[in-house]
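Please look over the sequence and the coordinates shown here before reading on. The report below then describes the chains, some helix contacts and a few individual residues.

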Amino acid sequence: MSGTMSTHSPIVVQLCRSLQDDFNLANLPLRSDIKVLTCLTADQCISQIRKEMVNAVILDLENPAATGLALRVHLEEAGKRPIMGLIATEYPDFIKGWAKSFWIPMPIRVSAAIERIELFIDLHLAERKIERLSIELETEQIRTDNALKRVDALGRGTEQQVLERTRGIAAQNQEGQHQVYSQDLSRHPFLREPFVHEMINALPVMVYFKDSKSRFVYLNRQLAAFLNKDVDEVLGRQAEKLPSPYAELFDYKTDLEALANPQGISFERRVHLNGKMKTLFLGKQPFVIEGVEEPYLLGYGIDLSDQKVMEEKFSQTQKLEALGTMAGGIAHDFNNLLFAMLLNLSLIQKAVPGAKKDHYIAQMRQACERAKDMTSQILTFSKQQKHRIEPIDITLILDEVYSLSRSVTSKNIRFEHSYRCLNPRCLADPSQIHQVLMNLVNNAAYSLKKSGGHISVTLVDWEVADGDPMAQDLKPGKYLKIGVQDNGPGIAPEIIPRIFDPFFSTKPTDEGTGLGLSVAQGIIQRHQGWIKVSSSVAQGTRFDVYLPQTEISLARADQRPLPLDIGQTVGPRKRLVIVDDETLVLEPLCDFLQDEGFGLVAFDNPRLALDYCLKHIDDIDLILSDQNMPELTGLSFCKQISLKRPGLPLILYSGYSEQLTLECSIEAGASLLLSKPLDQDELLRAIKQLLA
Amino acid sequence: MKSILIMEDEALVREGLHAILESAGYAVVSVADGNEGIEIAGDKTFDLAIIDIFMPQKDGIATIMELKKLSPQLSVIAISGGGNVIRDFDYLEYAQALGAVKCFQKPVDPDELLDTIASIL
């Protein structure tokens, strides 16, 4: 092979039989820029083609290797395939359809052949060039595309970065703020659990945590909604910074109270919010977090308003029902009275002046009066809706009931009252108790209407011990026992179990206070008391009302005014014990002292008196005792009392015939010795002086 | 003379009725309670009984039932004060079902009452 390669020069490879061939392009005047390579074997040609860009291959088909080579060249990959010129005497059929292959007829007309070869070479070159350019273009396109993509990416990348940076900074800020408050809590694995957060937020309960400085460190969704604020607005702040009334609801004063008590505190609050009255149940308790020394405060709150509204509605429904029942009863009574009026009016119209006419007129008047009373009772009843529970002196109510009943009952009914109670105080609503007692006294009076008789109202101390049969209905403790007893026809045994049933009635409500015994029992039960009934047919009926005694002192205004004839104020009702075996003396003495406003317990048996006094020694203000008594003398009684409580005022009285001296008495512990018969004024003065 | 038995617990009404019927020329016996009324009806025969539905001890309905058993030919007028909302049904209707010849709701116009009684007797 001859000649050096130049990438730019077109190359022609010729397969010759020998170098002396006639048509050896190398020897022919080809264009100067065209390089000719002469190969003697097919392999040489192929390797040449594969080595570098060969533009043309000239083959003499008389060369036995030529056909094979032609085929091989034709099968070269398109980019490398040169044009082929095949020298042959006849058109080689096998090249039919081949692109870039042409026939050089034999005998060769050299100049034509050369022209042709040159032409095809140029074509090939041009093709090559186009191909090259095309590839370059493509490459260029791709490069441009990539470049654009990169620019794009760069651009977006920047945006993203800016955003991220900004967010990052904002988050850091918030973090910084929260860190102060949430730092400690976030240390606690419990609160880091998203499940716990979800749960607390899902509960219909307001939940919050405060730190040792009473600042909110956590609040759940319910609380934030209730406060109408974002969680962030509240965190880190004390309740005082919240607007009223929220500040008061979650104030720090109750925080301190709650922290001092391991169980915390809880309370109900009514508050006016958004034009509505709401009832909230709030609670707080100390909450210790592992690793943190000062306890946190866990607070919670539930809105009870809806329940309260329902309760209120229900109770109103009940009241309306009761009112309906009452209205029915009132209508019945009015119908009766109206009928009576019509009847009497008719009689008056037809009667001649005289006794009968006067009688009818009187009956008419009575009916009108009754109607009038009824309306005023209705009004009183409706006024009594306010329930005030307060410490009251029951004897005041009993007196009122007595005077009211006395005035409206017939003269053939005798009233008695006896109060033998040291401490007649209880916690109650005075108007309700008044109603109950009026009801009982009226019932008694009604049963005695026809035949007359007597009603006695008594008041004594009563104690219910554990294991007492009464403990079924009453809690053990001290009670007032108010008895209303009549000697009327009594209640039949089969009716007794039913008398407290609502709507059960054995009489029309013509004397009604608007209450049945069922309501009375309800009232007393609400006062933690109980009403008992006992009755025998033809002997009478007794109702006992038990009310828990209280030690709470009364407001000054509620005390019974005491006579002040020695110019000294004697505080709240004083409690006296009197002992005298002679009932003829004991009873009037009791009545006298009661009227003077003392609380009394009287005994005609000194042993019982002693037992009682020793048991209730601290409740007694003064003891009054006769000297001459069976089993136990006044002196011995005195001695025993003063052993238990020296200084307790004790008055002894004795007859002249008894050998009792003042010295003896004083030695035994008495404060004073009086002589029988007792002078009431002297006794009263003495008692007041001792009590002052 | 026709005789009428009155059973009414409200004194003013009972006395008024008694006086009105007596002055109208009837022989009247009045009691305040159903048991007493039945007792008396057992001893004497009456032409008419006026019975208040709502009475203590024994209520009017039971009294009417017993009275009708005792003397089926006795005409009974039932009167009611009404107002007993607890018991839903109409007592006067019930009384009518038991055989009361007429039922009145108080207050009744006395003349109307007298006319009714006259027409029954």
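What follows is a report on a predicted model, taken from whole chains down to single residues.

## The two chains

Chain A has 692 residues, of which 30% are buried, and its secondary structure comes to 19 helices and 22 strands. Among the contacts in chain A with a separation of 6 or more, 61% are between residues 24 or more positions apart.

Chain B has 121 residues, with 40% of them buried, and contains 5 helices and 5 strands. Read from the N terminus, its elements follow the order β-α-β-α-β-α-β-α-β-α. For contacts in chain B with a separation of 6 or more, the share from residues 24 or more positions apart is 66%.

## A helix contact between the chains

The crossing of helix 10 of chain A past helix 1 of chain B is left-handed.

On the chain A side, the residues of helix 10 in this contact are Asn336(A), Leu337(A), Phe339(A), Ala340(A), Leu343(A), Asn344(A), Ser346(A), Leu347(A) and Lys350(A). They meet Leu12(B), Val13(B), Gly16(B), Leu17(B), Ala19(B), Ile20(B) and Ser23(B) in helix 1 of chain B. By class, the residues of the contact between helix 10 of chain A and helix 1 of chain B are 10 nonpolar, 5 polar and 1 charged.

## Helices 2 and 3 of chain B

Within chain B, helix 2 (residues 34–43) packs with helix 3 (residues 60–70) at an angle of about 10 degrees, and their axes are 10 Å apart. Helix 2 of chain B and helix 3 of chain B are therefore also roughly parallel to each other.

Helix 2 of chain B contributes Gly34(B), Gly37(B), Ile38(B), Ala41(B) and Gly42(B), which meet Gly60(B), Ala62(B), Thr63(B), Glu66(B), Leu67(B) and Leu70(B) of helix 3 of chain B. The residues of this contact between helix 2 and helix 3 of chain B divide into 5 nonpolar, 5 polar and 1 charged.

## Helices 13 and 14 of chain A

In chain A, the axes of helix 13 (residues 430–447) and helix 14 (residues 517–526) come within 10 Å and cross at roughly 140 degrees. Since only angles over 145 degrees count as roughly antiparallel, helix 13 of chain A and helix 14 of chain A are therefore oblique to each other. Helix 13 of chain A passes helix 14 of chain A in a left-handed crossing.

Gln432(A), Val436(A) and Asn439(A) of helix 13 of chain A meet Ala520(A), Ile523(A) and Ile524(A) of helix 14 of chain A. The residues of the contact of helix 13 with helix 14 of chain A comprise 4 nonpolar, 2 polar and no charged.

## The two sides of helix 2 of chain A

Helix 2 of chain A (residues 64–74) holds the buried residues Ala66(A), Leu69(A), Ala70(A) and Val73(A).

## Two buried residues of chain A

Tyr419(A) is placed in strand 12 (residues 413–420) of chain A, and because 21 C-beta neighbours lie inside 10 Å, Tyr419(A) counts as buried. Leaving aside residues up to four places away in sequence, Tyr419(A) touches Thr395(A), Pro424(A), Leu459(A), Gln594(A) and Leu600(A). The C-alpha atoms of Tyr419(A) and Thr458(A) are separated by 5.6 Å, although these residues are 39 residues apart along the chain.

Pro649(A), by contrast, lies in the loop between helix 17 (634–644) and strand 21 (650–654) of chain A. Pro649(A) is buried, with 20 other C-beta atoms within 10 Å. Pro649(A) and Ser671(A) are 22 residues apart in sequence and, from C-alpha to C-alpha, 5.8 Å apart in space. Not counting residues up to four places away in sequence, Pro649(A) touches Asp621(A), Leu622(A), Ser671(A), Leu690(A) and Leu691(A).

How values were computed. Residues are numbered from 1 along each chain as its sequence is written. Chains are lettered from A and ligands numbered from 1 in the order in which they are written. This is a predicted model: local features need pLDDT of at least 70, side-chain atom pairs count only at pLDDT 80 or more; totals for chains, interfaces and linings use all residues. Axes are lines fitted to C-alpha atoms, for helices over the stretch in contact, and angles run from 0 to 180 degrees between N-to-C directions. Helices (H or I, at least four residues) and strands (E, at least two) are DSSP runs, numbered from the N terminus. Angles under 35 degrees count as roughly parallel, over 145 as roughly antiparallel, 65 to 115 as roughly perpendicular and the rest as oblique. Two residues are in contact if their C-beta atoms, placed from the backbone, lie within 7 Å. Ala, Val, Leu, Ile, Met, Phe, Trp, Tyr, Cys and Pro count as nonpolar, Asp, Glu, Lys and Arg as charged, and the others, Gly among them, as polar. A residue is buried if 20 or more other C-beta atoms lie within 10 Å of its own, exposed if 12 or fewer, and partly exposed in between; C-beta atoms are placed from the backbone. A crossing is left-handed if the near helix is turned anticlockwise from the far one by less than a right angle, and right-handed if clockwise.
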